[in-house]
Structure formats: C-alpha cells, structure tokens
Amino acid sequence: MGRFILRRLLQTAVTALFVTMIVFALARLTGDPTVMLLPTEATQADRDFLKNQLGLDKSVPEQYFTFISKALSGDFGTSFRYRVPVRDLIATRLPATIELAVLSMVLATVIALPLGIVSALRRGSMIDRLARWFATLGLATPTFWLGLMLILFFAVTLNWLPAAGREHWSSRILPVIALGWFSAAAIARLTRSSMLDAMQSDFVRFERLSGLPEFVIVLKHALKNAAIPIVTYMALQFGVLLSGAVVTERVFAWPGIGSLVVDAILERDFPVVQAAVLVTAILFLLINLATDLFYSWLDPRIRY
Amino acid sequence: MAVSTAGIEDATERPPFAARLREGLRGLPLLATGFVALFLIAAIFAPWVSPYDPAEANFLASLDPPFWQEKGTLAHLLGCDQLGRDILARVIHGARLSLTVSIFAIGLAGAVGIVLGIAAGYVGGILDALIMRLVDAFLALPFILMALGFVAALGTSLTNIIIVMAITNWARYARLVRGEVLTVKQRDFVALARVAGQPRWRIAWKHILPNVMNSIIVLGTLDVGRVIILEASLSFLGLGMQPPEVSWGLMLADGRAYMTTAWWLTTIPGLAILLTVLSVNVLGDWLRDRLDPRQQMD
Amino acid sequence: MSLWSGTASVFAAGMVMAVWSGAALAQGKTATVAVGADISTTDPHKISGGNEYIFFTQVFEGLYGHDLKGQLEPHLATGYTVSSDGLTYTFKLRSNVKWHNGDPFVAEDVVYSWKRATDPEIKNPRLAILAGNIKEAKAIDSSTVELVLKKPDASMLENMGEYWYIVPSHAAKVGHEEFAKNPVGSGPYRFVERKVKDSFTLDAFKDHWGRKPGVDRLLVRIINDAQTRVAMLKTGEADLVVDVPLQSAKEVEKDPNVKLHVVPSLQNIFLTISNRKSDGTWKDVRVRQAVAHAIDRKTIIDKVMLGYAKQTTANCQVGVLGCDTGKPGYAYDPNKAKALLKEAGWDPSKTIKLVGIAPGRTPQSKEVAEAIAFFLNQVGMKTQVEIMEYGAWLRFAYAREADKADLIFFTWTDYNNDPMGRLPRSMRTDGALSWNSHPELDALIDAANGFTDPQARLAHLRKTWTWINDNVPQVGLWTVDMLYGTRKNVEWTPAPGVSWPVLWKLAKK
C-alpha cells in the first residue's frame with residue numbers, strides 16, 4: 001500500500017510539472033500584454049520599460065523558473081492589468097466556482113443516480129426509455145444555450161429568479177441547473193450501464209440463485225460494484241464541470257475563476273492565466289488522486 | 001438436362017451479402033441515421049444544395065422571419081439574419097464547417113493519440129510513464145480554457161481551430177489506445193509474431209492497430225458532438241470562427257442579441273446543433289454496442 | 001437598581017441607538033449601475049482608457065471640467081488669466097472645497113498634484129498630454145496657483161477635466177500605492193470599496209462645494225455579458241444599465257417598467273486606409289473617394305446599427321471644433337464610385353483586405369465590416385474580410401505595417417470636442433495609430449496648436465477638416481449612439497457629448 005501511494009504521488013507530481021509547463025507556454029504564446037496595457041500614445045521606449053517592469057524581458061527559461069519557485073511558496077505574482085496580487089484575485093473568485101461545481105455535482109448525482117439505478121432495474125420500461133432520452137438529450141445541449149434559455153424563461157419572463165450575480169441564495173438555482181444538466185445526463189447513462197453490467201456479473205447471478213430479494217442484491221452488491229466506475233467518473237466530471245463553469249459564469253455573471261481566466265486570456269494577463277489554470281488543474285489532479293487512493297484502500301485488488 | 005447446382009452450394013456455404021448486411025445493421029436507429037445522412041448530404045453537397053450564397057447580403061430582407069410567420073416569404077424558408085443573409089443557406093454551410101472541423105480535428109487527435117498510445121503501450125517503461133503523465137496533464141486542464149488560450153495565441157482561422165480542437169482532444173485517444181494495446185500485447189499471436197522475428201512497428205501496424213480501430217471509431221463518433229459544442233462555446237466566448245466562415249456556433253453568437261426579437265436566428269442553429277449531436281450520439285451508441293461493447297464512458 | 005443592571009440598560013440603549021443609526025444609514029437610497037467592463041485602476045494618475053472614467057468622474061475633479069452639456073466649466077478653479085505668450089496661467093481657486101476626508105482644498109494640493117502626475121514612479125500614461133507640459137507649478141497664496149508651461153497648449157483647459165485630476169497633498173504621506181487603494185478626492189461621491197472584476201461602491205459626499213449627489217450610495221457592478229445586463233434591468237436588479245445592446249433597444253422601449261435613453265457619443269467609426277502601401281494602391285485620391293462613395297452608410301445605419309448611429313462627414317461629428325466646414329460629404333453613389341475607379345485605372349482582378357474587430361468592443365463591428373465588404377464588392381472592388389479579436393487587432397493597428405492590409409475598421413473615442421486629441425495620433429504621418437503619409441496634412445496638424453486666439457484656431461481647424469474631407473485619408477462613417485437603460489423610478493439623463501456616464505445627478509424615487 002505504501003509503495004502504491006508513493007508511486008501515485010510521484011505520478012501526480014510529474015503530471016503537475018507538465019501542467020505548469022503547458023500553462024506557462026500557453027500564457028506566453030497568447031501575445032504581448034504591453035500592447036493592451038499602455039494607451040495609444042505610448043512609445044517603444046515606454047513598452048520596453050513596462051516589459052522590464054513586468055519581467056518579460058528575461059529569457060523564457062528564467063521566467064519559467066521564477067514562476068515555478070514563486071508558485072511553490074504561494075506567490076503567483078501581480079496581475080498585469082489590475083496591479084493586485086494574483087493570489088488575492090484567485091482567493092476571492094475560487095470559492096464561487098467551487099460552490100457552483102459542488103452544487104452542480106450534488107444536483108446531478110441526486111437526479112442521475114436514482115434515475116440510472118431505476119433505469120437499469122426496469123430495463124426496457126417506459127421510465128427506462130424516458131431516462132435514456134433525457135440522458136442523450138442532456139449530452140447534446142450546449143451549456144451556454146441552456147443558460148440563456150433558463151434566464152429568458154425564469155428570470156425575464158416569469159421574474160421568479162435573479163438573472164445574474166451571487167448575492168441572493170436563489171441566485172444559485174439557475175446556474176446550477178444549467179451546469180449540472182450535462183453531468184446529470186452523463187452520470188445517469190454511466191450508472192445505468194454500470195448497473196446493468198454488475199447485475200449480469202457471475203457474483204450477482206449467484207446471489208440471485210440463493211434467493212435474496214432483488215432490492216437487497218441491488219443495493220448491497222450490484223451498486224457496490226458499479227460504484228467504482230461511477231465515482232471515478234464523477235471525479236473526472238469535476239474537470240468537465242470546471243470547464244462548463246467558464247461559460248456558465250459568463251452567462252450568469254457569476255464571480256468565479258472561469259470568467260476571471262477568460263478575461264485574463266483576452267487581456268493577455270499572463271500571471272492570472274497561469275495561476276488560475278494551474279490552480280484548477282492541480283485541484284483536479286488532487287481530487288483524482290484522492291479518489292484513487294480511497295478506492296485502493298477499499299479494494300486492495302485495485303493497484304495498478 | 002443438367003441443372004446447375006453451383007448456386008445452391010454457394011448459398012449453403014455463406015449467407016448472401018444482403019443477409020449479412022441486414023445482420024450487421026440490426027438495431028440501427030433509423031431516425032438518427034436518417035438525420036446524420038441529411039447532415040452529411042448538406043455538408044458535402046453544400047454549394048449545390050444551398051439556395052443562396054451564405055454571405056450574400058440583402059438589406060431589404062433584413063430580419064425576415066421564417067415562411068410560416070407573418071412577413072415571412074417562401075424566398076427565405078427559414079428567414080434571414082440582420083444583414084439579410086438566408087438562414088437555411090447558412091445552416092447548410094454551417095453543417096459543412098462542423099463536419100470539416102470534426103473530421104479533421106478528430107482525425108488529427110486520433111492520429112496523434114494512436115501513435116503516442118501505441119508507443120506508450122507497446123514500448124512501455126519510461127516512455128510509457130512520460131507519455132501517460134503528459135496525457136494526465138492535458139486531461140487535467142479544463143479544455144475550454146486551453147482552447148481559448150490556443151486560439152488567442154494562434155488566431156481564429158479554420159486551420160487553427162482544427163489544431164486547437166485536436167490539441168484539446170488527443171489525450172483521450174492516447175489513453176484509450178494504450179489501454180487496448182496493453183490488452184492485445186498479451187495475446188498469443190503477438191508473441192508468435194515476435195518470435196517469428198517481425199519488427200515491432202510491423203507488429204503494431206498489422207496486429208495491434210486493427211484491434212484498436214473499433215474503439216477509436218466509437219470514441220471518434222461520440223466526439224463529433226463534443227467538438228461541435230466546443231466550437232459553439234468558443235464562438236460564444238468571442239474566439240471562434242470568424243467570417244467568411246459560417247459556423248453554427250457563430251450564428252448562435254451573432255443571433256444571441258436578437259433572441260427576443262428574432263428568435264429564429266438562435267433557435268434554428270441551436271436546433272441544428274442539438275439534432276446533429278443527438279443523432280450522432282445515438283448512432284455512436286449503436287456502433288459501440290455492435291463493435292466494442294466493452295468500452296465504457298471514458 | 002444595581003450597578004450591573006444600570007450599566008446593562010445603558011449598554012442596551014447604546015446598542016439600540018447604534019443599530020438604529022446604522023440601520024438609518026443603510027436605509028439610504030442605493031442605486032445599482034451595471035456596466036460591461038471593469039476599471040483597471042483607482043489611481044487618478046494612472047488612467048489609460050475611456051472606461052475608467054465611470055469611476056473617476058464621480059470621485060475626482062480637475063481645475064476645469066465639463067458640465068452636463070459637455071461645455072467647459074470651472075470646477076476647482078473659479079477663473080484664470082493667461083500671459084500674452086500663452087505660457088503662464090494664473091488660476092484663482094475655489095474656496096469652499098473640501099476633500100473627502102474633511103481637509104480643506106488649498107493651492108499646495110495643486111502643486112502636489114503636478115508633482116505626483118509627473119513622478120516617474122507613477123508612470124502616468126497620460127503624461128504627455130497635460131501634466132508633462134507643465135514646467136512648474138507654484139502656489140502664490142493658499143487660493144492662487146500659477147502654472148508655467150513648456151509650450152503653449154490651447155487644449156489645456158478642455159483637457160483638465162479628464163487628464164489631470166487634483167489630489168490632496170496628504171497623499172504624499174501614505175505613498176502612491178496606499179493612496180490608490182483608498183483614494184481621496186473632491187468629487188460628489190467618495191470611494192468606499194472595490195472588488196476587482198466584480199463591483200465598486202461609492203457613497204455620497206454631502207459636503208461637496210456645488211453638486212448634490214442624487215442617492216446615498218452607488219453600487220457599480222461589472223456584468224460583462226450584454227444580455228445579462230438587459231435581463232437585470234428588466235428584473236430590477238439594476239437601476240441603470242450602461243451600454244444596452246442595439247438589438248435589445250426595442251424591447252427595452254416597449255417594457256413599461258424601464259426607459260431607454262439614446263444619446264450621440266464621441267465614439268467615431270471610420271475606415272483607415274493603408275496609404276503607405278508600397279504598390280501604391282491607395283495613392284490616387286480618386287480611388288479613396290470611390291470607397292467613400294461606394295458605402296451606403298444610411299442602409300448600414302438603418303439595418304445593421306438599427307438606427308443608432310449618426311453619419312459623419314469628414315470623419316468628424318457635429319460639435320467637434322472645425323467640423324462645420326459646410327462640405328456635403330460623400331453621398332452613396334455606386335455609379336460614381338465605379339466611374340472614379342475606371343478613371344483611376346483600378347484593376348478589377350485585385351483583391352483588397354479589410355480588417356475588422358470581433359464583436360464585444362463596439363456594437364456590430366463585425367457585421368459592419370461584412371456589410372462594407374458587400375458594398376465594395378458591388379462596385380467592383382473585390383474585398384476579403386479578416387476579423388480579429390480586439391487584442392490582436394490592437395496589436396495589428398499599432399504595428400502599422402502598410403502592406404498587411406488595405407482598409408482597417410477603426411473605432412476611436414474622443415474625450416472632448418477638441419480634435420487635437422485625435423488628429424496627431426490618428427492622422428499625422430508618424431502618429432502611433434496612423435497609417436497615413438500626407439505632408440500637407442502634417443503641416444496643417446502641426447500648426448494647429450500654435451494659435452492662441454480661439455477664433456483663429458477654429459478657422460484653421462476648419463481648413464484642416466476641409467482638407468481631410470477632400471482628400472479622404474480615412475473614410476468617415478458615423479458615430480455610434482450610446483444607449484442607456486433606466487428603471488422607471490430613476491431620474492437621470494445622460495450627458496451629451498460626454499463619452500461615459502456622469503452619475504452624480506442620478507436619483508431614485
């Protein structure tokens with residue numbers, strides 16, 4: 001077990017390193033921030049001065065090492081555009097996105113798990129067919145279009161819910177629905193197919209022969225076996241949610257890290273882009289690591 | 001009187017082609033396939049099928065509604081946008097663009113993924129570890145942010161969008177292929193081929209690749225929808241296809257401001273996206289059931 | 001009554017009073033304003049763009065500024081005299097002005113404001129325009145200050161309201177960074193807090209010398225998405241929305257709970273011509289005039305801008321000094337365009353490149369570029385459109401590589417009526433965003449600031465605009481209107497001739 005943990009930790013560390021390289025290269029490739037930051041009458045000398053101030057005139061490897069060493073101590077530099085520490089920007093925005101992602105995941109699970117289970121148990125029935133249609137439809141709907149439709153209907157036409165922002169507790173309802181819809185569909189599909197597989201496994205067939213009531217078999221055994229791919233998938237879905245959060249945040253003016261990064265990319269604000277994407281990716285890696293470790297602890301057969 | 005029995009003997013040895021085809025297509029979702037066929041026809045034959053040039057502006061027809069509404073005409077079945085360009089024409093050409101982007105992006109992603117996946121799985125060792133860590137890194141990054149970053153860096157031409165889609169997608173193919181390779185590697189015929197002295201790349205090409213193709217095809221088909229929606233999201237955020245290209249995502253982004261006044265500008269391309277992705281997904285599911293039942297969601 | 005219960009009741013009474021007055025304060029009227037872009041700084045000497053002013057106009061003031069009609073009026077000064085050589089200005093300062101922290105306004109503050117604005121540490125992006133031209137600022141007495149300029153500057157007074165804010169001298173004690181974090185000004189609203197990319201809050205400054213703030217608190221929220229802003233207006237989450245998208249204008253007009261305000265802006269839309277292109281495509285003035293005749297501005301304004309734009313003639317709008325040249329401009333005449341092209345020997349197989357801006361920066365920029373290409377194609381000028389995202393476009397525009405494009409869609413917001421804010425940078429040969437090379441125009445532009453007599457200067461500017469109209473170094477299109485939306489219970493009108501919302505008069509019923 002110890003060796004397994006160590007190996008997974010090492011893998012995660014190397015992956016994280018690759019992530020930093022990709023993010024760093026990507027941010028820098030997007031262009032020259034001095035053009036965006038200075039007014040129209042700035043001269044080349046002004047631009048060179050600003051470049052020096054921002055540390056952009058140093059060699060690329062040097063900039064990368066500065067970035068990494070500072071990041072390890074939690075210093076993500078200063079935003080080019082807003083001149084505030086990037087760490088502060090991220091610290092204020094990250095909780096909003098996490099809240100959105102978590103609530104969406106909860107909503108998706110609460111809807112999708114029972115739906116998937118019932119669908120598998122009552123295979124071929126009306127409810128199964130409806131569930132499958134819901135799932136297929138959900139996977140085909142663009143998140144931003146759904147968000148727009150929701151605002152149009154519930155906020156503007158009916159005036160039941162706020163159209164934007166995060167003040168009121170009810171502000172969460174529409175964005176969470178828009179974001180969670182896709183995940184609900186995906187999880188429902190996976191739950192159904194995992195359950196079907198588990199229910200047809202030899203072990204469960206044997207249980208059935210021994211006369212245990214169906215729902216006991218389902219809850220105790222099939223579900224437990226199906227749980228592994230489902231939970232692993234949910235951890236992966238977190239990444240999808242973070243991506244989907246970007247457009248959702250835009251549509252609902254949700255003050256999260258997704259919209260922060262979109263603006264930063266368009267403004268060529270490298271430190272913000274690097275730090276925000278890095279934080280998101282690391283978060284994702286940690287969640288997956290935790291999931292893997294948790295499962296290998298539960299089921300010692302899973303060590304790879 | 002010699003009656004030829006040749007035909008009868010053939011018949012008992014192998015079912016005729018028609019029967020095999022019927023068996024292969026069992027359970028084919030007709031509605032979905034029909035729609036996909038429609039999509040393909042529109043996409044491939046766009047210049048001949050489209051009633052107008054999608055860039056042809058006609059200010060007199062600006063914001064004309066679809067023909068079944070008051071003020072709509074049969075000249076523009078699905079209405080016009082604010083510059084007077086025919087919506088039906090733009091949807092048809094948009095199909096062409098969606099198809100182009102999907103095929104090339106998935107093709108490119110698949111090619112890169114196959115090469116790296118086979119290298120990782122077959123060669124193993126440090127190469128495997130490094131490639132898989134790279135795969136993990138790409139999978140950890142939110143794909144839309146990566147796409148945005150690359151587009152901001154490279155520009156919004158068609159080629160660049162294709163490259164960007166490929167960059168954000170290759171990792172899943174690599175991971176899938178590697179998994180398949182590991183399974184196939186164990187099999188006897190591979191070991192036999194090694195013993196027979198066949199070089200590694202030959203084994204990869206002749207034995208491993210065909211076994212992997214099924215999974216790739218399934219993943220690729222299911223990815224078409226993903227790519228279409230990703231392109232639409234990029235356009236929504238302002239970094240997608242630009243004129244003279246016509247894409248559904250671009251139509252959605254353009255028409256969004258008119259949602260309450262000219263609903264057809266967004267609803268029609270939105271429906272096009274929805275129906276296409278839906279049909280392709282249903283078809284992809286059927287394909288998966290037929291070709292590769294083992295494959296779960298990635 | 002024991003000591004304890006006595007103390008307890010006093011304490012309780014005190015608490016009740018504190019809560020009561022706190023509640024009373026919080027009960028004051030708050031107006032929520034939704035804008036599309038965040039400000040990038042709260043430091044009055046670090047302003048680099050037009051959208052910062054929604055903050056600064058309410059919090060800071062200059063010696064002179066503009067009234068709600070866009071006309072020059074004295075703010076922190078009450079009058080001035082100028083020496084005959086135009087280099088020494090003596091300003092009489094207003095006496096009943098207080099800073100937001102209660103300190104009185106004195107001449108020392110003006111002197112310090114000059115020092116701060118020119119401090120190399122601050123790196124003032126607007127240095128060259130006003131503050132950098134001041135050789136020396138001297139406090140004659142506590143209510144008189146003398147400015148000695150390096151060169152005569154006829155636009156100085158007009159520019160004071162936007163380019164040189166006066167700050168209190170106590171800012172020196174806290175340092176530049178701290179002052180920016182908690183800026184203290186003299187305007188009708190004072191700074192309370194700012195959440196980057198989210199919102200900023202301003203409270204009414206009741207001791208303002210002249211203007212009475214309309215509400216007790218202004219909450220300005222940054223909402224990037226235009227449709228969301230409109231939705232917020234309709235639901236009542238926003239009292240005032242800046243930049244209502246054109247397409248939503250009709251529905252805002254129809255909604256009984258909200259009101260639409262349309263006001264002409266100083267945002268100019270024009271086509272810059274790549275005059276220095278090495279193959280001489282644009283050397284012939286007839287070719288340039290052909291472009292001006294080929295574009296049907298009226299149709300584009302009606303159909304694409306939905307009527308929310310005002311046609312310009314020589315690339316200047318009504319009200320700009322010298323724009324009243326009396327010239328008719330270029331009517332839509334495709335036949336004339338074709339004839340001019342034929343005369344000039346235009347090669348019909350040639351394709352020209354039009355560079356446009358992606359949506360988001362200025363309304364309908366992409367659609368307009370496409371429409372223009374359509375009209376140019378109609379007269380036989382094959383046009384290929386390339387739309388760039390704003391950051392990429394800006395980079396391209398600055399680079400000014402003449403062979404890389406033929407026509408470039410441009411948007412330029414003037415800050416006031418003085419064309420000298422735009423002409424040197426946009427039209428003079430080596431201007432930062434100029435794709436031109438016309439020695440005659442350069443001479444005209446250079447001479448403009450040498451006039452001290454306003455009438456003579458006006459006449460010269462008229463001459464300059466006439467030249468621009470006749471020779472078409474750029475094709476003027478129109479100015480976009482600014483669209484604001486307010487709830488029915490909000491009393492506010494936009495200030496014409498001002499490119500950003502002036503909020504001090506905003507009141508709620």
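**Entry 1. After H10 of chain C**

I looked up the backbone just past H10(C) and found that Leu306(C) takes a positive phi of about 55° there. I take helices (H or I, at least four residues) and strands (E, at least two) as DSSP runs, numbered from the N terminus. This is a predicted model, in which local features need pLDDT of at least 70 and side-chain atom pairs count only at pLDDT 80 or more, while totals for chains, interfaces and linings use all residues. I number residues from 1 along each chain as its sequence is written, and I letter chains from A and number ligands from 1 in the order in which they are written.

Next I listed the buried residues of H10(C), which are Arg297(C), Ile300(C), Ile301(C), Lys303(C) and Val304(C). I call a residue buried if 20 or more other C-beta atoms lie within 10 Å of its own, exposed if 12 or fewer, and partly exposed in between, with C-beta atoms placed from the backbone. Their cover includes strand E13 (309–311), H12 and strand E17 (474–487) of chain C.

**Entry 2. Domains of chain C**

I noted domain 1 (4–222) and domain 2 (264–481) in the domain assignment of chain C; such bounds come from an automatic or database domain assignment. Taken over C-alpha atoms, the centres of domain 1 and domain 2 of chain C are separated by 36 Å. I then checked the contact and found 8 residues of domain 1 of chain C against 10 residues of domain 2 of chain C. Two residues are in contact if their C-beta atoms, placed from the backbone, lie within 7 Å. The side of domain 1 of chain C that touches domain 2 of chain C has 2 nonpolar, 3 polar and 3 charged residues. In these classes Ala, Val, Leu, Ile, Met, Phe, Trp, Tyr, Cys and Pro count as nonpolar, Asp, Glu, Lys and Arg as charged, and the others, Gly among them, as polar.

**Entry 3. Chain C against chain B**

I found 22 residues from chain C and 18 residues from chain B in this contact. On the side of chain C, two or more residues each come from helix H7 (226–235), helix H8 (246–254), helix H10 (297–304), helix H12 (365–378) and strand E15 (382–388). H12(C) gives the largest share of that side, 5 residues. By class, I have 10 nonpolar, 5 polar and 7 charged residues on the side of chain C that touches chain B.

From chain B I picked out Ala57(B), placed in the loop between helix H4 (46–49) and helix H5 (87–123). Is Ala57(B) buried or exposed? Ala57(B) is buried, with 25 other C-beta atoms within 10 Å. Leaving aside neighbours within four places in sequence, I find Ala57(B) in contact with Leu83(B), Gly84(B), Arg85(B), Ala371(C) and Phe374(C). C-alpha to C-alpha, Ala57(B) and Gly72(B) are 17 Å apart in space, and 15 residues apart in sequence.

**Entry 4. Chain A overall**

I counted 12 helices and 0 strands in chain A. The C-alpha atoms of chain A fill a box of roughly 85 × 60 × 30 Å along the principal axes. Of the 304 residues in chain A, 46% are buried. Among contacts in chain A with a separation of 6 or more, 72% join residues 24 or more positions apart.

**Entry 5. Helix packing in chain A**

I looked at helix H6 (residues 126–140) and helix H8 (residues 173–199) of chain A, which pack at an angle of about 135° with their axes 8 Å apart. Axes are lines fitted to C-alpha atoms, for helices over the stretch in contact, and angles run from 0 to 180 degrees between N-to-C directions. H6(A) and H8(A) are therefore oblique to each other; angles under 35 degrees count as roughly parallel, over 145 as roughly antiparallel, 65 to 115 as roughly perpendicular and the rest as oblique. I recorded the crossing of H6(A) and H8(A) as left-handed, meaning that the near helix is turned anticlockwise from the far one by less than a right angle, with clockwise for right-handed. Residues in this contact include Phe134(A) of H6(A) and Trp181(A) of H8(A). By class, the contact of H6(A) with H8(A) has 10 nonpolar, 1 polar and 1 charged.

For helix H5 (residues 86–121) of chain A against H8(A), I noted an angle of about 35° and axes 6 Å apart. H5(A) crosses H8(A) right-handed.

**Entry 6. Chain A against chain B**

I found 43 residues of chain A in contact with 34 residues of chain B. H1(A) gives the largest share of the side of chain A that touches chain B, 9 residues. That side of chain A divides into 31 nonpolar, 10 polar and 2 charged residues.
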